Amino acid sequence: MEEEFIATIKLTTGEEIISKVSYMPEDDSLVLENPMSVSHIAQQKKNLHINGFALHEWIHSTFDHMFILPKQHVLTMTEVEDPRIKHFYTESVKRHVIELDAFKKVSNPQN
């Protein structure tokens with residue numbers, strides 16, 4: 001497995017995700033760690049149009065945080081270099097992990 005980095009990935013399905021990524025050349029696959037789905041947000045305040053994005057968990061029905069993605073499902077990918085986007089991704093993942101941990105404790109109070 002090669003060195004990991006944070007990337008924005010456009011999938012052949014049209015989905016856009018941001019994730020920590022490692023490449024597995026032997027399988028021609030990507031290992032995604034904490035992938036987050038990107039959704040576009042547009043607001044208008046008076047005469048000012050504001051565009052941005054929000055991050056949400058990519059797969060809702062599991063507590064797993066690592067996934068294998070065959071490269072054939074990737075339309076394009078680029079490393080995230082902007083420190084503001086990296087920070088936003090990292091903070092979104094931290095909030096998501098805290099929410100999952102709280103949900104697990106409420107769902108299974110014996111642990």
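**Reading the pockets and cores**

Me: Which element supplies the largest share of the lining of the largest pocket?

Reply: Helix 1 does, with 6 residues of that lining. A pocket is an open set of 1 Å grid points where a 1.4 Å probe fits, with protein on both sides within 12 Å along at least five of seven lines; lining residues have an atom within 4 Å of a point. Helices (H or I, at least four residues) and strands (E, at least two) are DSSP runs numbered from the N terminus. The model is predicted: local features need pLDDT of at least 70 and side-chain atom pairs 80 or more, while totals for chains, interfaces and linings use all residues. Residues are numbered from 1 along each chain as its sequence is written, and side-chain values use heavy atoms, without hydrogens or water.

Me: Which residues lie nearest the centre of the largest pocket?

Reply: Asn34, Asp64, His65, His96 and Leu100 do, out of 17 lining residues. At least two lining residues come from strand 3, and at least two from helix 1 (83–107).

Me: What lines the second largest pocket?

Reply: Its lining consists of Met36, Leu55, His56, Glu57, Phe88, Ser92, Arg95, His96, Glu99 and Leu100. Here too helix 1 gives the largest share, 6 residues. Strand 4 (48–57) also supplies at least two.

Me: How many residues make up the largest nonpolar core?

Reply: In soluble globular proteins, nonpolar side chains tend to be buried together. A nonpolar core is a set of buried Ala, Val, Leu, Ile, Met, Phe, Trp, Tyr and Cys residues joined through side-chain atoms within 4.5 Å. The largest one here has 11 residues: Ala7, Ile9, Leu11, Ile17, Val21, Leu30, Leu32, Trp58, Phe67, Leu69 and Val74. Strand 1 has the largest share, 3 residues. A separate second core holds 8 residues, among them Ile6, Ile18, Met36 and Leu55.

Me: What is Leu30 in contact with, leaving aside its neighbours within four places in sequence?

Reply: The partners of Leu30 are Ile9, Val21, Ser22, Tyr23, Phe67, Ile68, Leu69, Lys71, Val74 and Met77.

Terms used:
Buried < 20%, exposed > 50% of the residue type's maximum accessible area, 1.4 Å probe, protein only. Contact = heavy atoms within 4.5 Å.
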